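Welcome! Let's go through a structure together, one feature at a time.

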Amino acid sequence: MLTRRIIPCLDCDLGIKGGRVVKGIKFKKIRYAGLPWELAERYYKEGADEIVFLDITASYEKRATMIEIVEKTCQRVFIPITVGGGIKNIEDAQKLFKAGADKISINTAAIQRPKLVQELSKAFGSQAVVVAIDAKRRYKKGRCWFECSIYGGRKFTGVDAIFWAKKAAKLGAGEILLTSMDRDGTKQGFDLELNKKTSEAISIPVIASGGVGEKRHFLEVFKKTKVNAALAAGTLHFNKISIPELKKYLKSKGINVRV
Amino acid sequence: MIIIINYGMGNLRSLANAFQFLGEKVKIIDNPKEIERAQKIVFPGVGHFGEAMRSLKTRKIDGAIQTRIHKGIPFLGICLGLQLLLEESEEAPGVKGFGVFKGKVLKFQKVKIPQIGWNQIKIQRKTKILKGIQDKSFVYFMHSFYVKPSDKKIIVSQTHYGKDFCSTIESENIFGVQFHPEKSGAVGLQILRNFIKL
């Protein structure tokens, strides 16, 4: 049986020479957590199931820095690596795959031009294409819906997150990386409603993201929703939870994880 | 020295990195001449069965690969590289595989595809390629098709996804794994180390 996955996310600020892992809170405040390839190796050794690098600067001039980070990481880390941030076309993706990435994650460019999902999955296979969705709760006449944002949460699109997840899956996305903007950095737990609704609406894997602060939050999202993986950043970087301890806990509670 | 065959199907960087990490020299090759001299071959691949065969033919390396396999040098097929060793695939009806092993490549039914993630290998018997690996170890999969060889004796591990399927084969000098050892952490590295030591 396939396991539920624990995925550390390394948000990278490439404005600093060589790049640094940073942690944002509600997409704004920032703390520094370390060198990307060093943190990635630490998590690999601790039993992480995959690593995600997100280029939060997503600026064109800094693209080469991300490629160096991936190259360095892949020399010592032998689990799947996903890279996201600022990928706009096949060429951008190709460079990252060549550097050693296994999957690329797209967000803004995919919403702006959905056909990109199709082009990438045709060129590299569905398994290599992750569509990231940053969703914010909205209330209309007492009913809650989730709005997709782009440009790292700076711009709203009016697009319904679940509708977009379904469409992305149809276009050939292999996975959905679903971040709750309301919960991101708050340590209050994953947005269960968002994750439940989305993971039940589509047949491709969903990676839950945003809000984890305690071990029980992972248990909660795995028990109450159909998500296949959970992403965490700050809680792991600052040693609040260690991966071996987390996996042991999940296993003892009946969740199928790799230990 | 390990020769990794490049025929334009997937990224070979991680695989080369893994061998280098283990202290082994690697060379990525895309021409028949150098394949003919190879002493140990890794045949990776991600993508479409039909396109892979076409690409091998265009590069004129299909014959050289066949020759080396029959010569008896250690040969490791990974993912699509394993599937291509069979006779045919549901992914590309009418396209002939290498046919080194009798049998077919089938598509998963009634489960989410692709299978992406960590799953266990149930080891069937003592083998060279899985030496030192514990039964039910986790490895990383990323595929929609699986091999069904006619000769059950060559199946050395099975994995459960909807039903049991063949995840590792071994027959004399020929080995094949459906998962990605270069992405399977310490377990995967042990498998590559076993191949280096052959």
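Q: Within what distance do the axes of helix 2 and helix 3 of chain A come, and at what angle do they cross?
A: First, some orientation. This is a predicted model, where local features need pLDDT of at least 70 and side-chain atom pairs count only at pLDDT 80 or more, while totals for chains, interfaces and linings use all residues. Residues are numbered from 1 along each chain as its sequence is written, and chains are lettered from A and ligands numbered from 1 in the order in which they are written. Helices are DSSP runs of H or I with at least four residues, strands are runs of E with at least two, and both are numbered from the N terminus. An axis is a line fitted to C-alpha atoms, for helices over the stretch in contact, and angles run from 0 to 180 degrees between N-to-C directions. Here, the axes of helix 2 (residues 63-74) and helix 3 of chain A come within 8 Å and cross at roughly 25°. That makes helix 2 of chain A roughly parallel to helix 3 of chain A (angles under 35 degrees count as roughly parallel, over 145 as roughly antiparallel, 65 to 115 as roughly perpendicular and the rest as oblique).

Q: Which residues make the contact between helix 2 and helix 3 of chain A?
A: Two residues are in contact if their C-beta atoms, placed from the backbone, lie within 7 Å. Helix 2 of chain A brings Ile67(A), Val70(A) and Glu71(A), and helix 3 of chain A brings Lys95(A), Leu96(A) and Ala99(A).

Q: Which residues of helix 5 of chain A are buried?
A: A residue is buried if 20 or more other C-beta atoms lie within 10 Å of its own, exposed if 12 or fewer, and partly exposed in between, with C-beta atoms placed from the backbone. In helix 5 (residues 115-124) of chain A, these are Leu116(A), Val117(A), Leu120(A) and Phe124(A). They lie on the same side of helix 5 of chain A because they cover an arc of only 105° around the axis; the arc is that of the directions from the helix axis to the C-beta atoms. An α-helix has 3.6 residues a turn, so residues three or four places apart point the same way.

Q: What do the buried residues of helix 5 of chain A pack against?
A: Their partners in chain A are helix 3, strand 6 (103-106), helix 4 (108-112), strand 7 and helix 6. Just after helix 5 of chain A, Gly125(A) has a positive phi of about 95°.

Q: Which residues of helix 8 of chain A are buried?
A: They are His217(A), Phe218(A), Val221(A) and Phe222(A). Their arc of only 130° around the axis puts them on the same side of helix 8 of chain A.
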